[in-house]
Amino acid sequence: MINVSLWVWVLFAVLLVAAIAFDLGLLRRLTRQHRELTVRAATLRSAAWIGLAFLFGLAVTALYGPKAGVTYITAYLLEESLSIDNIFVFVLIFSQLRIPPPQQRGVLLWGVLGALVMRGLLIGAGLFVMSRFHWVIYPFAAFIIFAAVRLVWGQQKQREVVVAACSVCSTWVARLIPITPVIHGNRFLVRQGGRVLATPLFVALIIVETTDIVFALDSVPAVLAITRDAFLVYSSNIFAMLGLRSLYFVLAGAVERFRYLRVGLAVILIFFGARLLLSDIVEIPNHVSLGVIAAALGLSIVFSIKSPGARTT
């Protein structure tokens, strides 16, 4: 555990607000000019978010030492890796609701902002429970391992759930608010005939938020296997989530070609589930965890590229 002073939290909050404001400004400029976010632009923005995350890691190292720096980088890369699974689902959501790429940007932006709040609440709850009841590490570990199994063998069920949720006329969201199947520009709500109606963008936003909560139930216990330090856990989560929107537009068209990527993510989850389960018996250094993340992702990408199916897509 590192001793983080109030001014460090304040500086982190200022950096966070400035980064979000900059991203919002770019979104508004693209919307006004009716321009699409190209893959090249998304790649540059994704690289900028990753670079900012690593620069923050250097600041953590300078302030609190190399051990804290490695811990932060390990937690960040874990969250960044697991966020790739979000992209699989986002692609499915937008394709089912037939939402064009320009409107996808706004949905993802507000989805990520909502996720920042939810992640904070879930991290706070997780840290509180683990500090009061040590035995919860065992159900947490089991939940992480179950998530790994679901990643590999639960794809069809996940697809069915998302497709059902995206059915505009029969989705559970329609029980809460009337829905129009027509997209009205970038608007989430419209008024017609004296009634407020939700557009498909609103349905997409609600489903993005609820699926992120499900994903957070996997990733938050996994990152707590690395560290119980609130600052390192939250900051690594935040930077991974902030870069998710740009990463989506980089990978959206190609993510299905990486057929073994989910297997790599499952290996990562199983490793961290086992690490949490055995935390009272053996302490696994974070640089070993860093190596496992890099190896699992690297090998899954290599196997995906070299597989016959990838060459025929």
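Helix α5 gives the nonpolar surface patch its largest share, 4 residues. The model is predicted, so that local features need pLDDT of at least 70, side-chain atom pairs count only at pLDDT 80 or more, and totals for chains, interfaces and linings use all residues. Residues are numbered from 1 along each chain as its sequence is written, and side-chain values use heavy atoms, with hydrogens and water left out. Helices (H or I, at least four residues) and strands (E, at least two) are DSSP runs, numbered from the N terminus.

**The nonpolar surface patch**

- The patch is formed by Phe133, Trp135, Tyr138, Ile145, Val149, Trp153, Ile270, Leu277, Leu278, Ile281 and Val282.
- Together these residues have about 1,100 Å² of accessible area.
- Two elements give two or more residues each to the patch: α5 (137-153) and α10 (261-277).
- Patches are made of residues with over 30% relative accessible area and no salt bridge; like charges are joined within 9 Å, and nonpolar side chains (Val, Leu, Ile, Met, Phe, Trp, Tyr) within 5 Å.
- Accessible areas come from the Shrake-Rupley method with a 1.4 Å probe; for residues, only the protein chains shown count as cover.
- Leu277, one of the patch residues, sits in helix α10.
- Is Leu277 buried, exposed or partly exposed? Leu277 is partly exposed, at a relative accessible area of 36%.
- The cut-offs are these: buried means under 20% relative accessible area, exposed means over 50%, and partly exposed is in between (1.4 Å probe, protein chains only).

**The chain as a whole**

- The protein chain has 12 helices and 2 strands.
- Along the sequence, the pattern reads α-α-α-α-α-α-β-β-α-α-α-α-α-α.
- The chain has 313 residues, and 49% of them count as buried.
- Its accessible surface is about 15,200 Å², with 70% belonging to carbon and sulfur atoms.
- Take the contacts (heavy atoms within 4.5 Å) with a separation of 6 or more: residues 24 or more positions apart account for 78% of them.

**Confidence**

- The predictor's confidence in each residue is its pLDDT, from 0 to 100.
- The mean pLDDT of the protein chain is 82, and 87% of its residues reach 70 or more.
- Among the elements, helix α8 (residues 230-242) has the highest mean, 90.
- Helix α12 (residues 308-312) has the lowest mean, 53.

**The nonpolar core**

- In soluble globular proteins, nonpolar side chains tend to be buried together.
- Here the largest nonpolar core has 88 residues.
- Tyr72, Leu78, Ile93, Phe94 and Phe272 have the most contacts inside this core.
- Helix α3 (residues 66-97) gives the largest share of the core, 15 residues.
- A nonpolar core is a set of buried Ala, Val, Leu, Ile, Met, Phe, Trp, Tyr and Cys residues joined through side-chain atoms within 4.5 Å.

**Salt bridges**

- A salt bridge is a side-chain nitrogen of Lys or Arg within 4 Å of a carboxyl oxygen of Asp or Glu.
- By this rule, the count is 2 salt bridges.
- Arg119 and Glu79 form a salt bridge at 3.5 Å, N to O.
- Arg119 lies in helix α4 (residues 101-132) and Glu79 in helix α3, so this pair ties together parts that are 40 residues apart in sequence.
- Arg119 also forms a salt bridge with Asp212, with the closest N and O atoms 3.0 Å apart.
- Asp212 belongs to helix α7 (residues 200-224) and Arg119 to helix α4, so the pair ties together parts that are 93 residues apart in sequence.
- Arg119 is buried, at 4% relative accessible area, and Glu79 is buried at 3%.
- Asp212 is buried as well.

**Loop residues**

- Arg98 lies in the loop between α3 and α4.
- Arg98 counts as exposed, at 68% relative accessibility.
- Most residues other than glycine have a negative phi.
- Arg98 is not a glycine, yet its phi is positive, about 55°.
- Gly243 lies in the loop between α8 and α9 (244-251).
- Gly243 is buried, with a relative accessible area of 4%.
- Gly243 and Ser83 are 160 residues apart along the chain, and their C-alpha atoms are separated by 9.6 Å.
- Ser307 is in the loop between α11 (286-306) and α12.
- Ser307 counts as buried, at 5% relative accessibility.
- Which residues does Ser307 touch, not counting residues up to four places away in sequence? Ser307 touches Arg259 and Tyr260.
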